[in-house]
Amino acid sequence: MDVQHYNQKPRRKAKFFSPPNILKAKAGSGGLNDAILDRAQDLLENHTVDFAPLAEIYINQMKEGIDEAAALGHKTSSEEAIGKILMPCVQLKANGTMFHYPLVTRIADRFVQFMEVIECLDEETLDISNAFLTAMNIVINGKIKTDGADHGEALVEELNGACMRYFDKHK
Amino acid sequence: MAYNLQDIKILLVEDNEGMLDLVKAVLKSFGVGQVITALNGDIGFEEFLRNNPDLVIADWLMTPCDGLELSRMIRTDPASPNRFVPIILMTGFSEERHVISARDEGITEFLVKPFNTRDLYRRLYKIIESPRQFIESESFFGPDRRRRRANNYDGPMRRENDSSQNDGRRSTTPLGDDAISPEDIEFR
């Protein structure tokens, strides 16, 4: 270790503040008990908000992103083009489980991970995107409000396999 | 003895109305006295100016003004009534680069969706019981980004006036344990 680097005079100055803890002053002590948290969890698990109309918006946005990228007719690494496919999928991932579609969250999460690391959009990545899109569409249209059991597992594995084959090919 | 959240005012900013209603219901069931809602960052900032809440909970992806822009306005706008207000950012993003960009905009806690009520409560509890110092430098204003404690760090502190020199503890620079703990990045 080169100690000279560490022994030089600090170059940056920063001001530190310890603001008053207003929340603590108002809330007091003791936290919330399990009964309150369980009751709140019941609200989350038993609400009846219909996710399908919102999911359809995200699915359509994702489809538009895929179609626009395909219409280019060439590879693109544009963050904007990737974002148009990725962002609606992030919403599907975030909201799926919250609205009783855990399989949508699972599929979308895998796709988000895939999109985060690919170099560009090309024919292969768009094919994979379409496969994920179709899978999520089926889950939502089929109102599959579970993890899909063995079929869900097989579906996720199949989609994951497509990603893995892509990664193996483009090491 | 338990928390009494009746006097607490929370601003909740979320463009998905279903999610907005859900989170509001959860906060009310926690006993929070007042939950002010807004459907995007612009409206959220107007409500922030009008109500000066004790805590802000915002979604990241919103149009036309997202949760990061809202955080930036709260932390830096001269009209902001409380630049130190804790901000919890809700998002579907869990990849490290997104967490870092959120942290750099002055976010206090990061809540990955989907979440359960205990995830939300843990963030709330942490903000109440373990508030962080704020730092103002040339390029940053927000909660201290250095939260990971590394007992084996033997180098000098990065800043001459680093307060953590005074308490015998030393921090390292990456994301704090709490900012991106494994429980944060698992999805359900």
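In chain B, strand S4, helix H4 (residues 96–103) and strand S5 make up a β-α-β unit that is right-handed. Right-handed here means that, with the strands pointing away from the viewer, the path from the first strand over the helix to the second runs clockwise. Helices (H or I, at least four residues) and strands (E, at least two) are DSSP runs, numbered from the N terminus. The model is predicted, so local features need pLDDT of at least 70 and side-chain atom pairs count only at pLDDT 80 or more, while totals for chains, interfaces and linings use all residues. Residues are numbered from 1 along each chain as its sequence is written, chains are lettered from A and ligands numbered from 1 in the order in which they are written, and side-chain values use heavy atoms, with hydrogens and water left out.

Chain B holds six helices and seven strands, and along the sequence they follow the pattern β-α-β-α-β-α-β-α-β-α-β-β-α. Of its 188 residues, 56% are buried, where buried means under 20% relative accessible area, exposed over 50%, and partly exposed in between (1.4 Å probe, protein chains only). Contact means heavy atoms within 4.5 Å; among contacts in chain B between residues at least 6 apart in sequence, 62% join residues at least 24 apart.

Strand S4 of chain B (residues 87–91) is largely enclosed by the rest of the structure, because five of its five residues are buried. B:Ile87, B:Leu89 and B:Thr91 point one way from this strand, and B:Ile88 and B:Met90 point the other way. Strand S4 of chain B has a parallel pairing over four bridges with strand S3 (residues 55–59) of chain B, and two strands count as paired if DSSP finds at least two bridges between them. Within this pairing, B:Asp59 is opposite B:Met90. The chain passes from S3(B) through helix H3 (residues 67–76) of chain B to S4(B), in a β-α-β crossover that is right-handed. S4(B) also pairs with strand S5 (residues 109–112) of chain B, in the parallel sense and over four bridges; here B:Glu109 is the bridge partner of B:Ile88.

B:Met90 lies in strand S4 of chain B and is buried, with a relative accessible area of 0%. Leaving aside residues up to four places away in sequence, B:Met90 touches several residues, including B:Leu12, B:Val23, B:Ile57, B:Trp60, B:Leu111 and B:Phe115.

Another sheet brings the two chains together. Three strands form an open sheet in the order S1(A)-S6(B)-S7(B), with antiparallel pairing. Strand S1 (15–17) of chain A and strand S7 (141–143) of chain B are the edge strands, each pairing on one side only. Strand S6 (residues 134–136) of chain B pairs with S7(B) over three bridges, and B:Gly142 in S7(B) is the bridge partner of B:Ile135.

The chains also meet through helices. Helix H3 (residues 34–46) of chain A packs against helix H5 (residues 117–129) of chain B at an angle of about 130°, with their axes 9 Å apart. Axes are lines fitted to C-alpha atoms, for helices over the stretch in contact, and angles run from 0 to 180 degrees between N-to-C directions. H3(A) is therefore oblique to H5(B), since angles under 35 degrees count as roughly parallel, over 145 as roughly antiparallel, 65 to 115 as roughly perpendicular and the rest as oblique. Among the residues making this contact are A:Leu37, A:Gln41 and A:Leu44 of H3(A) and B:Arg118 and B:Tyr121 of H5(B).
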